[in-house]
Amino acid sequence: MYAAERRAEILRLVQERGRVAVQALAEHLSVAPETVRKDLNELERHGLVARTHGGVVRVDRLSYITPVTERSGLREAEKRA
């Protein structure tokens, strides 16, 4: 299976399930986990998925996260304490 085919299948599974573990992807695709990680890095670089510890999630599942630039000035008193 070519890299483009693997990545398309990864995207399909992530869209279908919402999140997928690296090990599950490796077993499903019959490749090494390192190969999956490289594919996930490439997909994340293009903004198609978001990497998590041990896996990947759909980008829209992370919409609740406020960017660091917006959070930097919040709760300054608590941070100093």
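Colleague: Which helix is R6 found in?
Modeller: R6 is in helix α1, residues 3-17. Helices here are DSSP runs of H or I with at least four residues; strands are E runs of at least two, and both are numbered from the N terminus. This is a predicted model: local features need pLDDT of at least 70, side-chain atom pairs need 80 or more, and totals for chains, interfaces and linings use all residues. Residues are numbered from 1 along each chain as its sequence is written, and side-chain values use heavy atoms, without hydrogens and water.

Colleague: Is R6 buried or exposed?
Modeller: R6 counts as buried because its relative accessibility is 12%. Buried means under 20%, exposed over 50%, partly exposed in between, with a 1.4 Å probe and protein chains only.

Colleague: What is R6 in contact with?
Modeller: Beyond its neighbours within four places in sequence, R6 is in contact with M1, L29, V31, T35 and D39. Contact means heavy atoms within 4.5 Å. A polar atom of the R6 side chain lies 3.4 Å from the backbone oxygen of M1.

Colleague: New topic. How do β2 and β3 pair?
Modeller: Antiparallel, over four bridges, with β2 at residues 49-52 and β3 at 55-58. Pairing takes at least two DSSP bridges. V49 stands opposite R58. Two residues separate the strands in this hairpin, and G54 takes a positive phi near 85°.

Colleague: Which element has the lowest mean pLDDT?
Modeller: Helix α4, residues 68-71, at 60; helix α2, residues 22-29, has the highest, 96. pLDDT is the predictor's confidence in each residue, from 0 to 100. Where it is low, the predicted coordinates should not be read in detail.

Key. Polar contact = N/O pair within 3.5 Å; in protein donor to acceptor, adjacent residues only side chain to side chain.
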